Amino acid sequence: MTAHNETGELQPIHHEPTSFFLKYLWSTDHKMIAKQFMWAGLVFLLIGGTLAMMIRWQWAFPGAPVPILGSILLRGSGGVIGPAQYMTIFTTHGLIMIFFAITPLLIGMFGNFLIPLQIGARDMAFPWLNALSFWMYALSLVLVIASLFGNLGPAGAGWTTYPPLSTNLGTPGSGQTLMVAAVFVTGVGSIMGGVNYVTTIIRLRAPGMDYFRMPLTIWGLFLTAILNVLFVPVLGSAAFLLLLDRMFGTQFFIAGSVTGAPAGDPIMFQHLFWIFGHPEVYILILPAWGIIGDLFSFFSRKPANFYRGTVGAMIAVTVLSAVVYGHHMFQTGMSPMLGKSFMVLTLIISIPSVMLVLNWLRTLWGGSIRLTVPMLFALGTMFVFGVGGLTGLYLGAVVPDIYLHDTMFVVGHFHFTMAAASFLATFAGLYFWFPKMFGKRLNDTLGKIHFWMSSVFITLVFGGQLLAGYAGQSRRLYDPYQYSFLTRLHGLNRWTSYAAFLLLLGQFVFIFNFFRTMFFVKASGMEANPWQVSTLEWAIPSPPPYHNFDTIPIVVRGPHEFANPVVLERLGRDWIGQAEELPEAMPGSARKAGT
Amino acid sequence: MSTATSTAVLDQPPAAAWPPDRQLGTASPAKIAMWIFLVSDGFSFFALLLGYGILRSGSSTWRHPGEPSLSIPFTALLTFILISSSLTVVLAYDASLRGRQRQTSAWLAATALLGSLFLLGQYAEYFGILHPGLIKEGLVLGKSSYASTFYVITGFHGAHVLAGVIYILFVLVYSLRGKASTGLVEVLGLFWHFIDLVWLLVFTLVYLLQAT
Ligand SMILES: [Cu+2]
């Protein structure tokens, strides 16, 4: 058994630490680190969502004092959002949601929790680096909070942080500096996490866990980690140069008469930012694709349709994502020929994307669909991603983009893909793996209410943005109705805002459900495998022991083994675990094998 | 579906031998992680060099009157020192493969020394030891894109050399205690060669292809 010796050498069983510091704070256990990411990510998701409500309030009732929040956050102005404050609110909303809420939840939480469990490993390849990665993220959160109290207010240059607005000329306060530093620090943490995830998946897969037997979730997280490792450094370099501009008087991103000397180029920042920024879209969506791809198979009780094709499509998107960033810069005076090339490459991405969606639909087709809460969220994810993807075609093509560029249409589009899809997929995963993390299930009825409120209102909110943008409303307007041609959009915007408020209200259903289950429901009576699925994490107790697997499992089949007649005959159920032995015949079976 | 075929599908054997991936599976996690990190780090340099290219190609005059040019003979000497250090780190690895701990330590020490010499040379270039140094000659961070990109790129590389020297000293301490495994020296060598390779790019793009 040399094979086993080697896995044993690489992954010895350690004893669980007992001190509070080692168990909860500097924990090197991937499951605890996942929970740390979960708590921090959920808190910042709520903060980012609250900021969004303030933006929506301003568009519904411009100049009216914000109820409740206004009296806490905007005491100086009597609860009214001023133009400068409005800038800081949408900037902070965007940056918090992308870097400090969705990234930690989708990648930090699911990546840490699922990678070792689903590939059959006892922990990450470098547990210590894993802990460091979380604490880098925690440090960046401190910087974010500090930036809120910066002199001259929080960061206000938009989530894209374009210069010259983001240099001392536009936003001289310390809030902007601290926010750029926060993005830099969390980037360092992401790279550490990425190196760890990729190494773990390459090296610590259990015997038999070929690349093509990995759950789609792992594929999504794997490709995301690769993109993180490649492109976050580019963002890091851009942030580093911007910090030098802000703090040490360099002029990398400032040009023209303001500099007093021949100097830099603001467009250069856009290049560096979008070389990272476009892959970032896929960094946030690939884990979501993986999760829903698995869930469709699990809850249709069918193998995922054309598994290899799905994986291939995800790889193709990952590769293509590196060469399309120019579609964000059609309006920067780029050569039309270059613009056209970027357009073609961008539109090519729709081929693998459509292949993914078709595979999902073919998985659902003819399945014995179980409309559980995770499945509902997965279906919702597919729908909003579909809308987001289709509206992307308008923006990826040069000619419509000239009209739609910098309108609310862009905002609606990227919220459908990056916000709605990753948001719903996060909840799909959370409802699905909550029993694995905590040993108890979230309440189904509350979960369904949460689903309907989330998916209906999120579609209305971002649909309203698409409509407003198509009608010509520019993004980032403090008071759109100062422009007479937009006054007639006031009604649309107000109704969109009502949908947003209801969306927030729906989240309180989740918060109630979450805390009730976490603290007031006893962990007993849950079946070991409540969803009846075949991946490795469900073959061990919930929550898993500190070292996950007593013996490293030997994987003998793919992740979606459902509805096989032989299994049904010999085991009496429609699924079989990835490492489960198939008995020769069902003991005491009345029916004989047909041979 | 006949029973025979579906049984075959169900009972696929585990991959022939652990590890499942023959090529990457035999490399140690540390070695794989170092390779991945180096690709990642390479993208940081790529971004800085791309910025350098964009700024330089977009400017009509790169070096302004009053700004010094960069000394190629002096930097060629530094380049030679750094390339030599790549040789010494290979010799350290070779000695480690043969199980000669003292020889390994000696070559590691030589590598650290050469790396430190490079850093000393960079210090002399910036601040001046026997000659005035670039800062006193008028190449000041923030004064022009030429100056700023120069300091950012060479400074970022210098920070890597510094980190590399500290890394070597750690491995050297292990080696002197007789605890440095071959793998440890090999992974260190990867990092050190990377620094060297990046320097060749920097030397070519920033020094050799200077604006006249
Ligand atoms: Cu894009």
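The legends below describe several close-up views of a predicted model.

**View 1. Thr417(A) within helix α15 of chain A.** In this predicted model, Thr417(A) has its place in helix α15, which covers residues 408–438 of chain A. Thr417(A) has a relative accessible area of 9%, and because buried means under 20%, this residue counts as buried. Its side chain reaches the backbone oxygen of Phe414(A) at 3.3 Å. When residues up to four places away in sequence are not counted, Thr417(A) touches Ile285(A), Phe385(A), Gly388(A), Gly389(A) and Ser422(A).

**View 2. Residues of the largest nonpolar core.** The largest nonpolar core has 238 residues, and within this set Phe100(A), Met214(A) and Trp289(A) are the ones that touch the most other members. The core draws at least three residues from each of two domains of chain A, namely domain 1 (1–13 + 29–212) and domain 2 (396–521). As a general background, nonpolar side chains tend to be buried together in soluble globular proteins. What does Met214(A) touch, not counting residues up to four places away in sequence? The residues touched by Met214(A) are Ile119(A), Ile201(A), Arg205(A), Met209(A), Trp219(A), Phe222(A), Tyr307(A) and Pro559(A).

**View 3. Helix α11 of chain A and its buried face.** Helix α11 runs over residues 336–348 of chain A, and its 13 residues reach 18 Å from the first C-alpha to the last, which is close to the 18 Å expected at 1.5 Å a residue. The buried residues of α11(A) are Gly339(A), Phe342(A) and Thr346(A). Seen down the axis of α11(A), these buried residues fall within an arc of 65°, so they line one face of the helix. Met337(A) and Lys340(A), on the other side of α11(A), are exposed.

**View 4. The loop between α6 and α7 of chain A.** Pro164(A) is found in this loop, which lies between α6 (127–148) and α7 (174–203), and the peptide bond that leads from Pro163(A) to Pro164(A) is cis, with omega near 5°. Leu152(A) also has its place in the loop between α6 and α7, and although Leu152(A) is not a glycine, it has a positive phi of about 65°. Is Leu152(A) buried or exposed? Leu152(A) is exposed, because its relative accessible area is 65% and exposed means over 50%.

**View 5. The loop between α17 and α18 of chain A.** Pro543(A) is found in the loop between α17 (490–520) and α18 (565–571), and the peptide bond from Ser542(A) to Pro543(A) is cis, with omega near -15°. Ala563(A) is found in the loop between α17 and α18 as well, and its phi is near 55°, a positive value in a residue other than glycine. With 48% relative accessibility, Ala563(A) counts as partly exposed. For background, most residues other than glycine have a negative phi, and most peptide bonds are trans.

**View 6. The helices of chain B.** Of the 212 residues of chain B, 48% count as buried. Among the contacts in chain B with a separation of 6 or more, 76% are accounted for by residues 24 or more positions apart.

Note on methods
Residues are numbered from 1 along each chain as its sequence is written. Chains are lettered from A and ligands numbered from 1 in the order in which they are written. This is a predicted model: local features need pLDDT of at least 70, side-chain atom pairs count only at pLDDT 80 or more; totals for chains, interfaces and linings use all residues. Side-chain values use heavy atoms; hydrogens and water are left out. Helices (H or I, at least four residues) and strands (E, at least two) are DSSP runs, numbered from the N terminus. Buried means under 20% relative accessible area, exposed over 50%, partly exposed in between (1.4 Å probe, protein chains only). A polar contact is a pair of N or O atoms within 3.5 Å; within protein, one must be able to donate a hydrogen and the other to accept it, and residues adjacent in sequence count only if both atoms are side-chain atoms. Contact means heavy atoms within 4.5 Å. A nonpolar core is a set of buried Ala, Val, Leu, Ile, Met, Phe, Trp, Tyr and Cys residues joined through side-chain atoms within 4.5 Å. Domain bounds come from an automatic or database domain assignment. The expected span of a helix is 1.5 Å times one less than its number of residues. The arc is that of the directions from the helix axis to the C-beta atoms.
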